Each structure stands twice: as C-alpha cells, then as structure tokens.
Amino acid sequence: NPARRTAIVTGSTSGIGLGIAEALAASGCNIVLNSFSDTDSDHALVRDVADRHGVEGAYIQADMSDAAACRALVEQAAQRFGTVDILVNNAGIQHVAPVEEFPIDKWNAIIAINLSSSFHTIAAAIPHMKRAGHGRIVNIASAHGLRASPFKSAYVSAKHGVLGLTKTVALELAEEKITCNAICPGYVLTPLVEAQIPDQMKVHHMDRETVVREVMLARQPSREFVTVEEIGGLVVFLCSDHAAQITGAALPVDGGWTAQ
Ligand code: NAD
C-alpha cells in the first residue's frame with residue numbers, strides 16, 4: 001500500500017523503541033527497526049511485528065554513535081519505502097559515575113548516541129519530509145531532560161540537549177507541516193528495568209512491591225511504572241493529524257515526577 005506512512009524508530013530491538021514500533025505498526029505505518037547489531041533475530045523481530053499488523057517492515061543496522069551511519073539509516077529507509085514520514089529518535093544508553101571520575105569514552109558515547117544521533121537523523125530526514133509536505137519527528141528524551149540526578153552528568157546533559165534541539169527544529173519547520181516534539185518518560189518498565197527488580201529486592205531485603213514503591217519509584221508520585229504501551233500511544237497521537245499544532249513541546253509521561 002503506497003499510501004502507508006513510513007516510520008523509523010532508532011534503537012528499536014527492545015524496550016521503549018520496540019513498544020513504539022509496535023504501536024506505530026498497529027496504527028498502520030510501515031516500520032523500520034534499527035540497532036547496532038545485525039542478527040537473524042533482529043530481522044525476524046521486524047518481520048514478526050510487521051506481519052502481525054499487516055504492514056511492511058525493514059530492519060536497518062546502523063550504529064547511532066556514528067554520524068555517517070545515522071544519516072545512512074534515513075537514506076536507506078527512504079530508498080526502501082520512497083520517503084520517511086515519521087522519525088522517532090529513541091536509541092539511548094546510560095552510565096552512572098561521579099562527574100570527576102566520569103570516563104571520557106562514556107561521556108562521548110552518551111553524547112553521541114543520546115544527543116548527536118538525533119541531529120544527524122533529523123538533518124537527513126528533513127529534505128524528505130519537506131518534499132512530501134508533511135512530517136513528524138518525536139525525540140525520546142527523559143524526565144532527566146527536565147530534572148537532574150547526581151552521577152548522571154552525561155545522560156542529563158544529553159537529554160537537556162535533546163529538548164533544545166527539539167525546540168530549535170520545531171521553530172525552523174513551523175511553516176512546513178513538520179512537527180518536532182520530545183517525550184520525557186519517568187521510570188518505564190522495560191525488560192532491563194524488570195531485570196533489576198530481583199537484585200534490588202536482595203540488596204534492600206524488601207519484597208517486590210516495597211522495592212518498586214520505596215526504592216525504584218521514590219521520585220515518581222504515582223508509584224507506578226510508565227509502560228511502553230503508554231509511550232507508544234503518545235507517539236501515535238503526536239503522529240496523528242490532531243497533533244498538527246503541537247510542536248516544540250516537551251511532554252512528561254512520568255506519574256507526576258516533574259510536577260515536583
Ligand atoms: P533499552 O536498552 O531497552 O533500549 C535501547 C535501545 O537502543 C536498544 O534497542 C539498543 O539496541 C539501542 N541502542 C543502544 N546503543 C545503540 C547504538 N549505538 N546504535 C543503535 N542503537 C543502539 O532502553 P530503553 O529503556 O527502552 O530506552 C529507550 C530510550 O528511552 C532511551 O533513549 C532512554 O534514555 C529513554 N528513557 C528510558 C527510560 C526508562 O525508564 N527505561 C526513562 C526515560 C527515558
């Protein structure tokens with residue numbers, strides 16, 4: 001179906017990115033999944049998601065720490081599907097250390113993957129979106145785009161930077177029917193987070209409910225994790241016609257974290 005919209009989601013073989021790709025496929029978009037790996041299971045994953053929703057899918061390997069690879073991802077997707085209608089910048093990594101001990105290679109990798117990759121994919125996608133006369137860019141920032149925590153200097157810097165990039169791009173494209181927004185999730189229950197719960201239970205001698213409530217979600221007033229489905233639902237809304245006048249926004253999905 002040539003009328004289908006095409007969506008790229010970076011870093012989408014797991015967690016939030018996969019949830020977003022699933023939601024966009026369910027809304028009828030062709031989807032491009034991406035990560036730095038290139039395995040049979042990566043390709044099987046996109047086939048599974050696409051087949052279940054009756055859309056087209058492609059897996060495109062690209063390391064988001066590499067500027068040229070970020071731009072090539074967009075070009076390959078445009079070649080495969082004719083254009084790029086939706087770009088979701090989701091790839092991200094974390095490292096925790098005091099700022100004076102923060103490893104330089106970790107700082108550089110976090111800035112590259114969590115911030116600069118979005119600059120490169122956006123720059124590559126804009127000509128396609130302008131030609132098509134419409135476009136949607138969604139950047140997955142974080143509550144840490146709006147608030148800081150100790151020992152996360154690179155992550156907090158990168159996510160604050162994502163919000164600056166989001167606002168600037170929104171202004172540049174305001175008359176082009178292309179919107180650019182950021183989503184700022186609080187603590188999301190991904191497989192990675194789920195896997196931390198048993199260890200936290202042991203360390204704190206607490207049951208699951210108490211460790212989630214008192215330790216993991218200490219700053220999230222709802223005391224509930226955000227789900228990947230909730231993030232996916234917001235991305236689909238931002239990509240809909242009803243969201244045409246929402247641009248340059250930083251939308252918290254954080255159970256009240258940043259209301260504090
Ligand atoms: P995750 O580790 O499950 O997923 C990260 C994805 O990025 C994976 O698919 C991984 O393969 C990919 N990735 C990592 N390095 C890459 C690289 N160099 N090139 C290409 N892809 C790469 O993590 P997640 O929790 O789903 O996080 C997704 C995004 O959401 C990140 O930007 C993260 O900062 C943000 N976020 C997560 C939470 C949370 O609580 N989980 C909260 C706020 C924001």
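This is a predicted model: local features need pLDDT of at least 70, side-chain atom pairs count only at pLDDT 80 or more; totals for chains, interfaces and linings use all residues.
Biologist: Which residues around the ligand come nearest?
Modeller: Gly11, Gly15, Ile16, Met64 and Gly92 come nearest, out of 26 residues around the ligand.

Biologist: And which elements give two or more residues to that shell?
Modeller: Those elements are α1 (15–26), α4 (104–132) and α6 (191–204). With three residues, α1 gives the most to the shell.

Biologist: What is the make-up of the shell by class?
Modeller: The shell around the ligand has 13 polar residues, twelve nonpolar ones and one charged residue.

Biologist: Turning to α6, how does it pack with α7?
Modeller: The axes of α6 and helix α7 (residues 208–216) are 9 Å apart, and the two helices pack at an angle of about 85°. That angle makes α6 roughly perpendicular to α7, because values of 65 to 115 degrees count as such.

Biologist: Which residues make the contact?
Modeller: On the α6 side they are Ile197, Gln200, Met201 and His204. From α7 come Arg208, Val211, Val212, Val215 and Met216. By class, the residues of this contact are six nonpolar, two polar and one charged.

Biologist: Now the sheet, please. What is the strand order?
Modeller: It is an open sheet of seven strands with parallel pairing, in the order β3-β2-β1-β4-β5-β6-β7.

Biologist: Which strands stand at the edges?
Modeller: β3 (57–61) and β7 (250–253) do. Each has a single partner strand, so one side of each is left without a neighbour in the sheet.

Biologist: How far are neighbouring strands turned against each other?
Modeller: The average is 20°, with direction ignored.

Biologist: Over how many bridges do β6 and β7 pair?
Modeller: Strand β6 (residues 178–185) pairs with β7 over four bridges, in the parallel sense. Among the details, Cys184 has Pro252 in β7 as its bridge partner.

Biologist: What does helix α2 touch on the sheet?
Modeller: Helix α2 (residues 40–53) touches β2 (30–35) and β3, and its direction makes about 155° with that of β3.

Biologist: And which strands does α3 lie across?
Modeller: Helix α3 (residues 67–81) lies across β1 (6–9), β2 and β3. Relative to β1, helix α3 runs at about 155°.

Methods. Residues are numbered from 1 along each chain as its sequence is written. A residue is near a molecule or strand if its C-beta atom, placed from the backbone, lies within 6 Å of it. Ala, Val, Leu, Ile, Met, Phe, Trp, Tyr, Cys and Pro count as nonpolar, Asp, Glu, Lys and Arg as charged, and the others, Gly among them, as polar. Axes are lines fitted to C-alpha atoms, for helices over the stretch in contact, and angles run from 0 to 180 degrees between N-to-C directions. Angles under 35 degrees count as roughly parallel, over 145 as roughly antiparallel, 65 to 115 as roughly perpendicular and the rest as oblique. Two residues are in contact if their C-beta atoms, placed from the backbone, lie within 7 Å. Two strands pair if DSSP finds at least two bridges between them.
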